[in-house]
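Please look over the sequence and the structure below before reading on. The paragraphs that follow then lead through them step by step.

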Amino acid sequence: METEEIIVAIQKAAETIAKPNCAAWLSILLSLLAIVVAGYVALKQANISEQQNKIALFEKKYKVYCELFKIVNIGDQLDYPGPHTCFSLLHEVEVICGIKFTDKDDVNAQLREVLTQIKQSEYIIKQSAFLFNCIDEEDISKLIDALMDCMIFILKGKKKEINIKDSEISEFIKVSKSFNSKYLDSIETELTLN
């Protein structure tokens with residue numbers, strides 16, 4: 001009988017261990033609560049990450065928009081009636097593009113600085129075809145090429161007075177106006193944080 005008593009004692013111990021007690025239920029409840037809290041935190045982090053991505057995209061789009069606006073603004077400055085001088089245009093380019101000409105007497109130095117700025121702008125605005133659904137990459141290339149040709153013509157021409165009817169200047173004005181009417185309103189509409 002000793003063996004039977006041992007078996008009965010083992011069975012009673014097993015039943016005692018198998019019975020859920022308060023600590024076991026509390027442990028299960030705390031585990032479920034931890035899962036719910038972890039899910040809530042993960043959802044919050046996903047929302048924060050999505051907002052940060054939207055802000056980063058907006059900043060990128062806005063930078064591209066500002067560069068496009070600068071270039072179109074140069075076309076607008078050229079396209080008003082009245083005399084234009086090379087000096088006044090270069091001053092406007094300095095203001096619009098943030099260029100500070102280091103040597104105002106050296107045409108080649110001015111040309112290098114302008115073309116460097118245009119190339120930097122080109123690098124930025126080439127992204128617009130990917131950031132804005134409405135923009136055709138070919139139109140971006142036309143705008144940049146027309147601006148380069150215009151600035152080379154103006155600076156290399158060494159004329160005091162600029163005639164906006166000259167082919168390179170009138171072509172840039174035409175391309176700039178076309179780009180403006182075709183895209184800038186659409187771009188401004190797409191510039192949202194939503």
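Which residues in α4 are buried? With buried meaning under 20% relative accessible area, exposed over 50% and partly exposed in between (1.4 Å probe, protein chains only), the buried residues of α4 are A109, Q110, L111, E113, V114, Q117, I118, S121, E122, I124 and I125. An α-helix has 3.6 residues a turn, so residues three or four places apart point the same way.

This is a predicted model, in which local features need pLDDT of at least 70 and side-chain atom pairs count only at pLDDT 80 or more, while totals for chains, interfaces and linings use all residues. Residues are numbered from 1 along each chain as its sequence is written, and side-chain values use heavy atoms, with hydrogens and water left out.

The chain has seven helices and two strands, where helices (H or I, at least four residues) and strands (E, at least two) are DSSP runs numbered from the N terminus. Read from the N terminus on, the elements follow the order α-α-β-α-α-α-α-β-α. Of the 194 residues in the chain, 31% are buried.

Helix α4 (residues 107-125) packs with helix α6 (residues 137-157) at an angle of about 170°, their axes being 10 Å apart; axes are lines fitted to C-alpha atoms, for helices over the stretch in contact, and angles run from 0 to 180 degrees between N-to-C directions. That makes α4 roughly antiparallel to α6, a term for angles over 145 degrees. Where the two helices meet, with contact meaning heavy atoms within 4.5 Å, the residues of α4 include L111, V114 and I118, and those of α6 include I144, L147 and M151.

The buried residues of α6 include I140, L147, M151 and C150, and C150 counts as buried because its relative accessibility is 0%. C134, by contrast, is partly exposed, with a relative accessible area of 29%. A search of the whole structure finds zero disulfides, a disulfide being a pair of cysteine sulfur atoms within 2.5 Å.

Although K60 and I124 are 64 residues apart along the chain, their C-alpha atoms are separated by 9.1 Å. Leaving aside its neighbours within four places in sequence, K60 is in contact with Q127 and L131.

Methods: Parallel < 35°, antiparallel > 145°, perpendicular 65-115°, else oblique.
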